[in-house]
Amino acid sequence: MSALRGWKEIPIAGIPFEPAVKYKTGDWRVFRPVIDNEKCIKCGLCWMFCPDSSIIWDGDNFPTVDYEHCKGCGICAHECPTKAIEMVRG
Amino acid sequence: MAKSVQQRMMSLNGDEAVAWAARQSNVDVVAAFPITPQTIIMERIAEFIHDGLMDSEIIRVESEHSALSASWGASIAGARAFTATAANGLALMWEILYIVASSRAPVVMAVVNRALSAPINIHCDHSDSMGARDSGWIQIYSEDAQEAYDNTIQAFRIAEHENVQLPVMVMLDGFLISHTMQNVQILPEDVVSDFVGYRKPSRIKLPEFYGEKEIPLMLNPKYPISIGPLDLYDYYFEHKMQQIEAMKRAPEVIKEIHKEFAEISGRSYGDGLLDPYRAEDADALIMGIGSTMGTMKAVVDELREEGKKVGSVRIRTFRPFPADEIRKLASGVSSLGVLDRSASFGAEGGPLFMEVRSALYSLKDRPPVLGYIYGLGGRDMPPRLLKKIAEEVLSAREEPERPRVGYPGVRE
């Protein structure tokens with residue numbers, strides 16, 4: 001993130017001057033999801049269920065995880081029908 | 001001064017006068033919930049809309065929390081929004097009061113001052129709006145029905161002014177003003193319409209990632225923005241600082257719009273912030289808010305006839321607080337009395353007393369300041385009590401160790 005700005009430099013009414021994706025929130029995480037491509041069937045459920053849009057998937061290739069924003073909630077692992085996602089500490 | 005326009009004299013109570021002001025001010029959306037003594041405002045507005053005399057959307061909501069939420073939503077969608085409430089209704093709006101102010105939504109709200117429960121009391125004191133003094137709203141208090149009309153019209157201009165962009169509360173005393181019939185001068189529709197114009201949301205420069213465009217500060221699907229989604233320790237303080245600065249700019253705007261309105265209506269109230277009466281050469285000044293200060297003027301006249309040099313100062317704007325102007329008026333005065341129609345439990349005195357006393361701290365020769373908490377729950381404040389207070393203030397000479405606060409009108 002860029003240097004913090006002063007009150008004269010930001011819009012009023014709390015309008016954000018940077019998009020939310022610039023906030024790296026991945027460090028809130030305790031467990032991270034690790035996808036095993038051997039078991040993954042590319043069904044897209046993890047991508048659909050992720051509450052933070054942190055599963056990156058183009059519809060063709062194997063999904064990957066955006067670790068800069070994934071909070072480690074584990075919903076993807078819970079939903080995965082082939083148990084291809086493991087929650088790993090650290 | 002330009003010649004003021006021909007006006008229509010009508011017999012209206014304070015609530016009706018406010019409804020007339022809203023009717024003439026090109027309001028887009030009205031959202032409100034009935035509560036005594038505010039209800040007449042919304043009844044009249046509903047009639048005006050039904051009869052095709054007022055072109056506004058009225059939203060009937062299920063609570064005051066929703067009334068202000070709907071007004072806020074309308075306002076940030078670019079509409080001119082008006083609402084009204086009193087006492088417990090204002091208390092239920094609490095959460096949204098701060099959100100409206102922080103979102104810089106120029107909502108105008110009439111607050112018909114009424115005592116807060118418990119026990120339930122429908123009569124006037126200022127405990128409701130005084131409790132909201134730190135919510136970031138501009139607060140303008142009226143002395144009578146005419147002024148409630150005048151203030152409501154001016155409030156839209158003040159709130160929407162590009163240097164301000166803050167919501168405005170217009171106060172009128174419950175029953176004493178709201179339900180008391182008075183001859184009120186009503187300006188022609190087109191004159192008020194020209195004076196207030198239509199809401200034009202101020203323009204802001206969008207940040208880099210939106211493409212550095214200049215857009216009106218409002219929600220619009222053409223250029224989606226978020227207003228106030230989240231601030232933590234990194235930016236919340238900066239946004240509060242912007243509100244503090246906007247409040248600092250407000251007095252000039254209030255004075256300017258007050259002057260402009262005086263030119264078309266022929267009516268003015270001091271400089272718009274303070275309304276002094278026979279204060280120039282006074283030995284003692286009595287300061288206060290609302291309808292009691294009308295009674296005080298008659299008492300001042302009576303005391304002057306007796307050769308006692310007493311003057312009065314009515315505070316119109318409690319937020320922003322006119323500290324500089326009060327210092328100017330109070331320097332050279334030998335004593336001051338401050339009337340508060342609300343109690344701040346556990347404090348040294350009422351809210352107005354504390355602020356006046358604090359404003360005077362930087363004066364070299366500080367006059368003694370006596371505080372009086374009166375009229376709670378609509379308790380009458382007759383001229384004889386005001387006279388007694390004024391005489392006591394006149395004889396006060398030294399600053400006591402602890403502030404002297406009296407409770408005129410209470411029984412022991």
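In this predicted model, 13 residues of chain A are in contact with 20 residues of chain B. The side of chain A that touches chain B is made up, by class, of 10 nonpolar, 2 polar and 1 charged residues.

Chain A contains 2 helices and 4 strands. From the N terminus on, these elements follow the order β-α-β-β-α-β. The radius of gyration of chain A is 17 Å, whereas a compact globule of 90 residues would have a value near 12 Å. The C-alpha trace of chain A spans about 55 × 30 × 20 Å along its principal axes.

In chain B, a helix pair was examined. Helix H3 (residues 64–76) of chain B packs with helix H5 (residues 94–102) of chain B at an angle of about 15°. The two axes lie 8 Å apart. Angles under 35 degrees count as roughly parallel, and H3(B) and H5(B) are therefore roughly parallel to each other. The crossing of H3(B) with H5(B) is left-handed. From H3(B), the contact is made by B:His65, B:Leu68, B:Ser69 and B:Trp72. H5(B) contributes B:Glu95, B:Ile96, B:Leu97, B:Ile99 and B:Val100. Sorted by class, this contact of H3(B) with H5(B) has 6 nonpolar, 2 polar and 1 charged residues.

Chain B also holds an open sheet of 6 strands, in the order S11-S13-S12-S15-S16-S17. The pairing in this sheet is mixed. Strand S11 (274–277) and strand S17 (404–406) of chain B stand at the edges. Each has a single partner strand, so one side of each is left without a neighbour in the sheet. On average, neighbouring strands of the sheet are turned by 20° against each other, direction ignored.

Within the sheet, strand S12 (residues 284–288) of chain B pairs with strand S15 (residues 335–340) of chain B in the parallel sense. This pairing runs over 4 bridges. B:Ala284 stands opposite B:Ser335 in S15(B).

Terms used
Residues numbered from 1 in each chain as written. Chains lettered and ligands numbered in written order. Predicted model: local features only at pLDDT ≥ 70, side-chain atom pairs only at ≥ 80, totals over all residues. Axes fitted to C-alpha atoms, helices over the stretch in contact; angles between N-to-C directions. Parallel < 35°, antiparallel > 145°, perpendicular 65-115°, else oblique. Left-handed = near helix turned anticlockwise from the far one by under 90°. Contact = placed C-beta atoms within 7 Å. Nonpolar A, V, L, I, M, F, W, Y, C, P; charged D, E, K, R; others polar. Pairing = 2+ DSSP bridges. Rg over C-alpha atoms; globule rule 2.2 N^0.38 Å.
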